[in-house]
Amino acid sequence: MRGEGRDEGAFRQSEHSEKPPHPTSSLRSEVDLSPHAGRGEERALAVYGKRGNAETLVAVDDAAERRGLSAGMALAQARAMHPEIEAVPEDAEADAQLLENIADWCLRYTPLVAIDAPDGLLLDISGCGHLYGGEQELVADLGRRVERAGFAYNVAIAGSIGAAWAAAHVGEPASYLCGEERSLLAPLPLSALRLAPTTVAALARVGLKRVGDIIDLPRSPLTARFGPELMRQLDRALGREHEPLNPRLPVAPYVAEQRFAEPIAREQDVLAITERLAVRLKFALERRGDGARRIELTLFRTDGALRRIATGCSRPLRDAGDIRALFAEQLAALSDEFDPGFGFDMARLAVVVAEPCPPEQIGIGGDNGATEAGRQVDQLVDRLSARLGARRVRRLIAQDSHIPELAAATVPAQTTRADNGWQTFRRHRAEAELAPRPLRLLTYPEPIEAMAEVPDGPPLRFRWRRALHEVIAAEGPERIEGAWWSEQGGAARDYFRVEDKSGLRFWLFRAGLYRDLAPGAAAPSWFLHGTFA
Amino acid sequence: MIEQLRQRLQALQKTAGIEDGAGALPLGIAAIDAALGGGLARGALHEIAAPGEAQLAAATGFALGLSALRDDARAANSSSPLPWGEVGAPTGPARLGRLDDRLRAPGEGLRLIENHLPPHPTSLRSVDLSPQGRGERKKSFVWIAEDMALIESGAPYGPGLDQFGLAPEQLLTVGVAHRRDLLWAMEEALRCRAVHAVIGELRHGALDAVAVRRLSLAATNSGALALLLRSAPATDASTAATRWIVGAAPSLPCPGGGGEEENRPRFATHLIRNRRGPRGSWILQWSDIDERFVLATPAQPVAMPALDRPDRKVA
């Protein structure tokens with residue numbers, strides 16, 4: 001079953017743009033499942049949305065078109081003509097999402113895919129055609145697959161984005177060579193140049209209706225009257241000026257891909273192919289002295305769905321076995337979500353982030369044991385991160401702050417290496433004779449009910465998590481000023497290290513000082529911030 | 001061929017946890033090392049439980065202390081003329097620790113003491129005079145806990161660890177969502193040869209024997225110290241090499257002890273299960289200068305702890 005709507009694709013020699021489905025295509029499948037489907041007589045389907053102040057048809061399907069409905073018609077009028085039509089409100093977000101999915105799917109043809117909202121795609125297929133045995137074959141393959149997915153489309157190839165767009169939207173969708181732009185564009189209406197409707201209308205008022213009418217006109221009067229946009233669009237369509245393509249996803253510096261005659265579905269097969277692709281990448285990486293820091297495996301399922309699995313590593317990686325091991329953890333973590341369906345017919349391994357990786361010298365030099373140990377720890381970090389998620393495997397870093405909870409932070413272990421500022425911290429600790437700090441710090445200080453003998457002194461007893469603790473020894477106060485330079489800095493804190501009767505040691509503080517207290521204000525409250533061994 | 005298979009079988013069949021293939025990690029306290037048969041077995045699983053939730057920080061401190069123990073014990077053993085058991089009074093190390101503290105700057109002072117006092121394997125050797133020595137000589141350790149545990153009991157705090165004598169840059173913290181992941185991550189970490197100790201923090205609930213055995217096996221293969229930190233004493237059977245209940249002990253100045261002792265954390269440790277020897281109870285004190293435990297009580301307790309009396313319950 002085919003959807004409906006102006007689904008065109010424009011292509012070109014180097015850029016090719018495709019128009020994917022439009023609203024009714026995706027709706028059709030839902031409607032088919034509905035009770036009307038069994039009736040035998042096809043029901044017309046139209047999608048409407050608010051344009052200006054009126055509800056207007058945005059797209060119609062084949063059946064509706066046969067009844068004389070078309071996009072742009074008022075909904076009320078369409079309903080009056082054909083009360084039985086099925087009118088559905090448009091869902092622009094879902095359409096955009098669908099377009100993005102199709103764009104991702106098009107990555108199988110080229111890494112340079114851009115979205116041409118609301119219903120088109122631009123693909124740069126320079127140098128990609130030979131993979132399919134030529135541009136025509138590539139387009140034929142794309143058309144087959146798009147059609148099988150139930151979408152109507154127009155597709156054109158041309159030497160510039162503008163020409164391809166014009167051919168797909170307005171002209172004859174076909175394949176044009178470089179240099180044929182002029183003959184392609186000349187007979188087309190001016191709207192084929194992707195101009196603002198007001199400009200087109202203004203041009204029409206002076207009798208300029210086709211592209212051919214303005215190609216040979218003197219440029220300066222046109223620019224003076226209609227603005228620079230007109231000439232620029234013309235130049236771009238004719239290929240006189242370069243128009244950059246803005247790909248939806250960043251293009252990976254290293255890519256290796258493999259197509260399969262028979263879809264693969266088993267996890268071992270996926271891992272085996274990953275390793276084989278990694279071996280291919282290794283040569284490319286070695287040649288340029290790079291290593292992978294982030295790798296993405298894209299699996300193209302036969303039904304058009306995409307599986308993207310990305311993994312990071314703590315040091316530049318080249319070894320295929322290591323890369324395979326990381327993806328093995330990822331797949332194990334995915335388990336059920338990794339749904340191969342009827343199998344994958346293509347796999348692509350891309351190094352998304354690469355970093356210079358100096359060649360390693362093995363066996364010489366005294367420090368070999370330490371580097372080997374470091375490498376093993378990095379491998380452990382990578383394995384754990386691949387399975388549990390990079391944010392769960394962390395290292396502590398020292399930060400330059402006097403506020404206890406900010407003095408140390410945890411960051412994903414893959415992003416950090418080596419010292420992390422602790423050498424500096426140790427120097428500072430020795431110089432400043434830092435008072436004892438707890439072994440475990442609570443993420444947020446917990447309020448406690450405390451009773452102190454003297455206002456500024458340590459508490460006599462306090463209640464934390466419903467248990468009463470009698471303080472028998474206390475050390476302090478250690479006054480830690482809040483961040484006075486900031487609005488949310490908070491009050492100064494007086495920290496006490498206290499020990500209760502059973503020997504438990506806590507780190508408490510009183511938020512705020514009595515001397516700063518406004519008359520009549522409530523007494524400062526107490527918090528428990530950490531526990532000592 | 002058959003011979004090879006036999007060897008492999010033998011390797012597979014070896015009982016996990018009590019082999020001393022990986023050696024022992026001496027605590028440097030004669031009484032405890034004697035009970036443990038030379039020290040805490042490396043490449044084995046040890047369970048450390050807090051008597052209650054509130055005491056978890058103390059148990060944490062004990063576990064961290066164990067993982068901070070120096071690995072150079074074997075070298076020390078071979079060079080020391082005296083075997084472990086014959087080292088003099090247990091008060092020695094404590095006093096030495098303080099001496100070390102005072103004599104840290106002049107290097108020859110240390111040598112002087114070394115000549116005049118009965119040699120103690122770790123106390124002198126472990127004082128690191130080189131400024132960069134601390135982070136370098138230590139191996140990584142991994143702390144794995146469920147996310148909830150880190151929120152409830154607090155996450156390891158870098159400056160605190162540093163003061164405790166551990167190098168925070170060597171710590172890898174892993175937060176996991178499920179216990180299943182915790183056990184998996186522990187096993188993975190134990191397999192890594194560069195990891196010295198793995199601390200797994202387990203909240204309430206029993207642990208099945210298969211999981212414990214898997215951990216023991218993983219530890220045996222790499223020789224790493226596997227420490228299971230529990231917030232309450234376990235009731236389940238376990239194949240762990242030792243089981244400890246560790247709580248905080250009041251840090252009252254001990255008779256003859258100096259003032260600075262009060263700052264040192266004290267632990268009431270009960271060894272309630274020991275596959276190699278008797279059980280026992282000790283009050284230990286962590287000395288962050290030596291990075292080792294010392295006995296806080298001047299001598300052996302007068303009476304054996306209630307643990308050895310089946311009619312009485314453990315406090």
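Trainee: Where shall we start, and how do helices α12(A) and α13(A) pack?

Mentor: In this predicted model, helix α12 (residues 267-288) and helix α13 (residues 320-334), both of chain A, pack at an angle of about 145°, with their axes 8 Å apart. In passing α13(A), α12(A) makes a right-handed crossing.

Trainee: Which residues make that contact?

Mentor: From α12(A) they include Val270(A), Leu271(A) and Thr274(A), and from α13(A) they include Ile323(A), Arg324(A) and Phe327(A). By class, the contact has 9 nonpolar, 1 polar and 4 charged residues.

Trainee: How do you know that Ile323(A) goes with the nonpolar residues and Arg324(A) with the charged ones?

Mentor: Ile counts as nonpolar and Arg as charged, and both residues belong to the α13(A) side of the contact.

Trainee: What makes α6(A) roughly perpendicular to α11(A)?

Mentor: Helix α6 (residues 161-169) and helix α11 (residues 228-238) of chain A pack at an angle of about 90°, with their axes 5 Å apart. Angles of 65 to 115 degrees count as roughly perpendicular, so α6(A) is roughly perpendicular to α11(A). Gly162(A) and Ala163(A) of α6(A) are among the residues in this contact, as are Gln233(A) and Arg236(A) of α11(A). The contact divides into 4 nonpolar, 2 polar and 1 charged.

Trainee: Why do β3 and β4 of chain A stand at the edges of their sheet?

Mentor: The open sheet has 3 strands in the order β3-β2-β4 (chain A), with mixed pairing. β3 (54-60) and β4 (86-89) each have a single partner strand, so one side of each is left without a neighbour in the sheet. From one strand to the next, the twist averages 40°.

Trainee: How do you know that β2(A) and β3(A) pair?

Mentor: Two strands pair if there are at least two bridges between them. Strand β2 (residues 45-51) of chain A and β3(A) have 6 bridges, in the antiparallel sense. Within that pairing, Val47(A) stands opposite Ala59(A).

Trainee: How many residues does each chain give to the contact between A and B?

Mentor: Chain A gives 43 residues and chain B gives 47 residues. On the side of chain A, the largest share, 8 residues, comes from α14(A). That side divides into 24 nonpolar, 8 polar and 11 charged.

Terms used: Residues are numbered from 1 along each chain as its sequence is written. Chains are lettered from A and ligands numbered from 1 in the order in which they are written. This is a predicted model: local features need pLDDT of at least 70, side-chain atom pairs count only at pLDDT 80 or more; totals for chains, interfaces and linings use all residues. Two residues are in contact if their C-beta atoms, placed from the backbone, lie within 7 Å. Helices (H or I, at least four residues) and strands (E, at least two) are DSSP runs, numbered from the N terminus. Axes are lines fitted to C-alpha atoms, for helices over the stretch in contact, and angles run from 0 to 180 degrees between N-to-C directions. A crossing is left-handed if the near helix is turned anticlockwise from the far one by less than a right angle, and right-handed if clockwise. Angles under 35 degrees count as roughly parallel, over 145 as roughly antiparallel, 65 to 115 as roughly perpendicular and the rest as oblique.
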